[in-house]
Amino acid sequence: MPQKRFFTLIVLFLSCQVYFAQTKEEIIANYIENTGGAEAWNNLQGIKMTAKVSQGGMDIPIEMYTLKDGRQMTVITFQGKEIKQQVYDGKQLWSHNFMTMEAEESDAESAANFKLELNDFPNPFLDYEKKGYTVELMGNEIIEGTETFKIKLVQEPVTVEGEKEESISFYFFDTENFVPIAMQSEIKAGPAKGMIAETTFSDYQEVEGLYFPFSMSQGVKGKPGEPISMTAIVLNPKVDDAAFAFPEKK
Amino acid sequence: MRNLSSSALWLFIFTSSLSFAQNSTVTDGASLFGDLSARHIGPALMSGRINDLELHPTNNKILYLGAAGGGVWKSNDGGATFNPIFDDYIQSIGTVTLDPNDPDKTIYVGTGETWTRNSVSYGNGLYKTSDGGSNWKKIGLENSERIASIVVNPLNSQEVYVAVLGALWGDNEERGVFKSSDGGETWQKILYVNAKTGCTDLLIDPRNPSVLYASMWEFRRTGWSFDSGGENSALYKSIDGGNNWNKIHKGLPEGKLGRMGVAIAQSNPDVLYTVIEAEKKEDKGLYRSSDMGETWEQMNNDFEITVRPFYFSRIVVDPRNENVVCKAGLRGSISRDGGKTFKGLGNMHSDIHDIAFSNIHSDIMFFGTDGGVYRSWNGATTCEIVENLPLSQFYHISLDNETPYNIYGGLQDNGSWYGPSSSPGGIQARDWKSVGAGDGFRVLKHTTKNIVYSEMQGAENVWRIDNKNQLVKTIQPLPKAGHDKLRFNWNAPMALSTTQPDRIYMGSQFLHKSEDMGESWEIISPDLTTNDPSKQNQGNSGGLSMDNSGAENHTTIFTIAESELDEKVIWVGTDDGNVQVTRDGGSTWVNTVANIVGLPSSTWCYHLELSTLDKATAYAVFDGHTANDKTPYAYKTTDYGQTWTSIITSGVEGVVRNIQVDYVNPDLLFLGTELGLFITLNGGEKWYKFTNNMPSVATHFIALQKQTNDLVLGTHGRGVIIVDDISPLRELNEKSLQEKLHFFNSEPIVIDENQSFSGSFGAETQFTGENESTAAKIKYHLKKRHTFGKMSMVIENAKGDTVSTLTPGKSMGINIVKWNYQLRQPKVAKGKTFSFSGFTSPTLPAGRYKATITKGKESFEHSFDLIYDPKSTIPISERASKQETVMEIYNMTESLAYDVYCIDAYLDYARDSKNTKLEAKLNTHKATLVITTGDNYVGAAEPQLRENLTNLLQRVESNYGAPTPNELDNLQQVRAAYRAASEKTIQLKKKYKLAKRVEVKSFTDFLN
C-alpha cells in the first residue's frame, strides 16, 4: 500500500506539473474563455471606446470606433471641433489634416498595411489559425512583477518602405488569469525604427459579459509610457455611415 | 480513506498553488524598481570604440556595429542613425555576423572585445537570434571571453564556425576554432594549439565552403605587461571543412610570429592578404597570396601596416576589386595596387579597427574607430561621423552642485569633458565642453571656484583649468630629490577634499597632497604599494612589437578618499592589492588588506568609498580580472579596516568597479560591475540588478548627487546614465514592501518656471540626451500588479476641489505618476478653426494638495506641498496678481464658449424655423465672437473676441510675474468687448424669446 500511495503522489505531482505547463492553445483558449467566451466575441458587431489620452501635459479626449465589417474611426475633439484620424470606410483610409481640417487620404503603404488588420476584429487571437496566423509559446517572463506566458504572434507580412517584413508581436498573458498585461512589437518606421514598442494593459472590467482593459500605457520598452484610460466602452454602437465616408473635396 | 485521499488532494493542490503564488511574487529587479528608470544623456559627439562592423549582404539600408563596450547597434537607414538591439546582454562585443542565407533574421553575436588593449572588457559567450534581434539566446562558448570571428557556411546555415580568441589574462582551453553542424546547438573544437593561443581571424572560401583559413595568435596580458607573439602563432588552412589543418607559411617570415590579420578577396578568392607581426622589423608587414595561400609575397611594411598589431590587425578587401585593400591602423590606409603602395584614409578619429565597403558601391565605406563610426561617400577621402552613437567610455565621473548639476569625466582616447544633466530641448552635443586631451580619466570640479582639474594618461599632464578666465596650468607632481621616479597609473588617481576646497591629492606610488590647487606638492606617505620590481618592467612590454605606452604601469596608487567627517582620515587603494589608511593625515599608515578574508593577494583595489555617517566605516571593491579572476569582490569595514566583511551575495554578476553608499540610508548601496548596476536595500544581503532602460554595461563609476538624489553612472561604453531621484529606495523595507500600496514621502514639489529656446535645427540625426521631466512626480509602491477592476487617481486642492484626474501606474514595485500641476485647459468657443493660444493650462498656485488613489473599494491618500522655487526673485504679490488676472480671462473664455454654444443652438432653431432674420443677426454676432472662416495655417482669418481672450490668457500665463501695464490695458479693452458681446447675446435671447424656444444645457453641464 505504501508503494501505491507513493505512486498516486507521483501521478498527482505530474498532473500538477501539466497544469502549470500550459500549451499555447490552452493559454489562448483560457484567455478567450475568461474574457467572455468565443461565442460572445464572435457575436460582437462593433466597439466604441471613449478614452482620455495624456500627452505632453494635455488630456486629449478621443472616441474610437471599430466595427466587425472593417470600418474604423478615431475622433479627437479639440475646442468643440472633431478631428478624425485613421478613418476607414471600407475602401479608403483617411485622416483630417490638422492645418486645413480637411480629409486627406493616407499613403498607399499605410492603407495596405491597415487593411491587413481588418480580420483582427475583435481580437487577433480569436480563430487565429483560420486567419493563417502562427502562435508560439516562448516561455515564462516576469512583466511588471507578474509571471506571464510569453506568446509570439505572427500575422500577415506588412510592407515597410516598399519591402515585405514579418509582422511579429509578443503578448504576455498573466499566468493567474490568462489576460494579456503587455504587448511588445518592433517599431517599423520613423526615427525609433528598430526599437521595441510596449503597451501594457490593466483595469480589466466587464462590459455586457466581455472583459476589456480600461487602462493602457504606451511607450518604448524599459521606459514609462503615456497612459490611456477608457471612460466608457459601448458594444455594438449605433453609427452614422456618413461619418466614415471619405468626404467629397469641396 | 476516501475522505483522507480527497483531503490530501486538496491540500496538495492548495500547497502547489501557494508555492506558485509565492514564486510569482518573488521580486526581480524590474519588479521592485518599477517606473524608476534610467535616462541616457550621452555624450555622443565623440562616441566610443568600435570593434566590428557588419553589413547586410543585399540591403544597403541595414548595417550593424559591435561596440567595444556599448553592445550591438543596428542602422535601418544606411548608417545615418543606429539603435541598440542587445541591451539585455553583456556589452563588450567581438563580432556580429549575419547568416548569409537568412540575413534578415539570423544574427550571431560573439561577445568580448578582440582588440586587446589594457582597458579592454570581456565577453561571456556566443548569442544567436532567429527573429532579427527581438529574442536572443546564448548558444554556448560561455568561457570564451572573446570571440573574434563567426563564419556561416554560405550553402548550409547549420554549419557555423567560430574563431575564439579566448582569455587575455590567463590560460584557458576554450579557444581556437569551433564548429557546429546543427546551427549552434552543439559545438566541437576543431583547431586548438594551446591554452595561450587563440584564433584572431577565420575565413571561408565563398566558392568552396570546405576551404577555411585561420590565423592563430599566442598572446598574454598581465596588469603590468603585454606579450604578443610566440612559437605557436601561425596561419592555417583546411580543405575539408575543418577536420584537418595545415600551416601555410611558404614565403612568410621564420621565427616567432605575432598577431596576423587575414582577408580573402570575394571577387577572386584565390587572392588572400595577411598582415604579419614578426621578429624582425623588415619581415613585418603585408603579404599577398594569389594561389589560395600556397605561397606568399611581402608587399609593404610601412608604419601604418605594421603599427601596434594587437590593436590594428584588420585588413579588408574591396568585394568588387581584389587589388583594393584597406588596413586598419592609427590613421588607416588604403592600397589600390594590390598592396604595393598605400595612402592614408581621410581625416577621422584615430585608431581605426574595422572597415566595410557598401554592397552597392565601393566608394561608400564605413569605419569603426576609437571615436565611433565614420561614413565616406568618396572612397575614404572625406569621412563624416555618425552622430547618434552614445558609446562614450568613461573611466570616471564626478558631479558639481550647480542647477542643473554638471557631470565631469574622462574617456578612453577621447579626452575630458563636462556637460549638464539637463538642457533646453534635451542635452545635445553642443552642451558638452572639452577640458582635456589624450585619454581622459578623473575630472574634478573645485568645490567653490570655477576651476576644473583634468588629466591624461599616466598623469603625463594634469591640468588646472580656470574656466572663467580661460587659463590652463599644468600641475602634475614632478620628481624631486629623493623621489627620482614617480610611478603613475595609466588611470592616475586624483581626489579633492570636502573640507579644504583648495586641497587636491594625487597618487603615484606615494600620496601627494597640495594645499594650493597644485602649485606645490607634498608627499605624505611612504611607497604605499608592494613596490614589486618584477612588475615594473614596462619598458620591455609588448612582445614582438615594443608597446611602452604607459598602459602597463603598475605598483601604483589607484584610488584615494579623504573622509568627509575627518580630514585626517585618508584611505588609499593600490593596483597591486594594498588598502592603506591613515588616521593622522599621513604621518602613519596601516595596510589593512591582510584583514580581508577570502580576497586573493594582489587583487587590484579599484575603489574605496567612505561612509558619510561614520568615519570608521569604509567600503572597498576589488577587480581581479587582470589576474584572470572575474569574481565580484566588495567589502565593508566599520573599524578602520581592522576587520572586513564581504557584502557580495548571489545576484551580483561581473567584476566590481565601483560602489556608492547612500548618504541617508547606509543599507542602500549601489554597485557598478562589468555587467551593469546592482542595488541592495539591506546592506548587501540581497542584490537586485537594475534593468529599467539600463543596459548590461560596464559601470566604472557611480556618483550620487546630494541635492537631487540622482544616481549618476559613468559607463564604459554607453556614456552617462542617470537614475533620477533614488530617494524612494530609502523607504523600501520589510514593512513598506508588505503594504498593499505605500506612498513615498515627498519633498515639497517645486513649480518649474524656467523657460528658454532650444533651437535644435540641424540635430535631426544627432543623439539628444533625455532631460528629467519637470512634472511633479507622485510615487508609490504597489505590492502586487493591479490588473482587474478600476484604479484611479485624483488630486484635490486644500479646499477639497478636484483639480486633476490622473491615470495611475499599475505595476508591481515603484510607480511614478507625473502631474503637470496645471488646471485643465479652458473650454474654448467652437469656431471654424482652432485657437492655438486656447490650449493654455494655467499653473495651479502653490499650496497643499492631496492625491487619492482609489483601487476597488479601497482608497489611499497622500498629501504634499506644491511650492514656488525658493530661489525665485518673483514676489508672492505678483504671483497673486497674475493668478487673479489669468483666472478672470480663463472664466471669460469659458463664458464665451458657452455663449457660442447657445448661439449655435439658436442658429439651428433659426434655420429649422426658417427665421432668416434671426439667423442673419445671430451669424453677424457670432462672427465677432469666433473665427468663422479660414484654416489653421496661413489661411487664418482675422482674430475675433475668442482669439483676443485666449491670446491674452496665453501671454499672461506664460509670462513670469505680475501682468504688465500693457497687458492690463489690453485686458481692459478685451473685457469691455467681452461684456458688450455678452450683452448683445442677452439682448438677442430676450428679443427672440430664445430661452423659451430653444433648450440648451446649463453652464455647468456644458463645462462637464
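What percentage of the 1008 residues of chain B count as buried? The share is 52%, where a buried residue has 20 or more other C-beta atoms within 10 Å of its own, an exposed one has 12 or fewer, and a partly exposed one falls in between, with C-beta atoms placed from the backbone. The model is predicted, so local features need pLDDT of at least 70 and side-chain atom pairs count only at pLDDT 80 or more, while totals for chains, interfaces and linings use all residues. Residues are numbered from 1 along each chain as its sequence is written, and chains are lettered from A and ligands numbered from 1 in the order in which they are written.

The C-alpha atoms of chain B occupy a box of roughly 115 × 95 × 70 Å along the principal axes. Twelve helices and 66 strands make up the secondary structure of chain B; these are DSSP runs numbered from the N terminus, with helices being H or I of at least four residues and strands being E of at least two. Among contacts in chain B with a separation of 6 or more, 56% are between residues 24 or more positions apart, a contact being two residues whose C-beta atoms, placed from the backbone, lie within 7 Å.

Chain B is divided into domain 1 (592-729), domain 2 (749-755 + 771-867) and domain 3 (876-1007), with bounds from an automatic or database domain assignment. The centres of domain 1 and domain 2 of chain B, taken over C-alpha atoms, are 36 Å apart.

The largest nonpolar core contains 224 residues. Such a core is a set of buried Ala, Val, Leu, Ile, Met, Phe, Trp, Tyr and Cys residues joined through C-beta atoms within 7 Å. Strand 15 (residues 212-222) of chain B contributes the largest share of this core, six residues. Because domain 1 (592-729) and domain 2 (749-755 + 771-867) of chain B both give residues to this core, it lies between them. Another core, of 27 residues, lies apart from it and includes Val828(B) and Met892(B). Ala214(B) is one of the residues with the most contacts inside the largest core. Beyond four places in sequence, the contacts of Ala214(B) include Ala163(B), Cys199(B) and Trp245(B).

Val652(B) is in the loop between strand 51 (645-646) and strand 52 (656-661) of chain B. Val652(B) is buried, because 22 other C-beta atoms lie within 10 Å. Among the residues that Val652(B) touches, leaving out those up to four places away in sequence, are Pro632(B), Phe678(B) and Trp687(B).

Four strands of chain B form an open sheet in the order 44-45-46-47, with antiparallel pairing; two strands pair if DSSP finds at least two bridges between them. Strand 44 (557-562) and strand 47 (590-591) of chain B are the edge strands, each pairing on one side only. Strand 44 is joined to strand 45 (residues 570-574) of chain B by five bridges, and Thr559(B) stands opposite Gly573(B).

Helix 7 (residues 876-912) of chain B has 37 residues, which at 1.5 Å a residue should span 54 Å, and its end C-alpha atoms are 54 Å apart, which agrees. The expected span is 1.5 Å times one less than the number of residues.

The contact between the chains takes 48 residues from chain B and 42 residues from chain A. Helix 1 of chain B gives the most to the side of chain B that touches chain A, with six residues.
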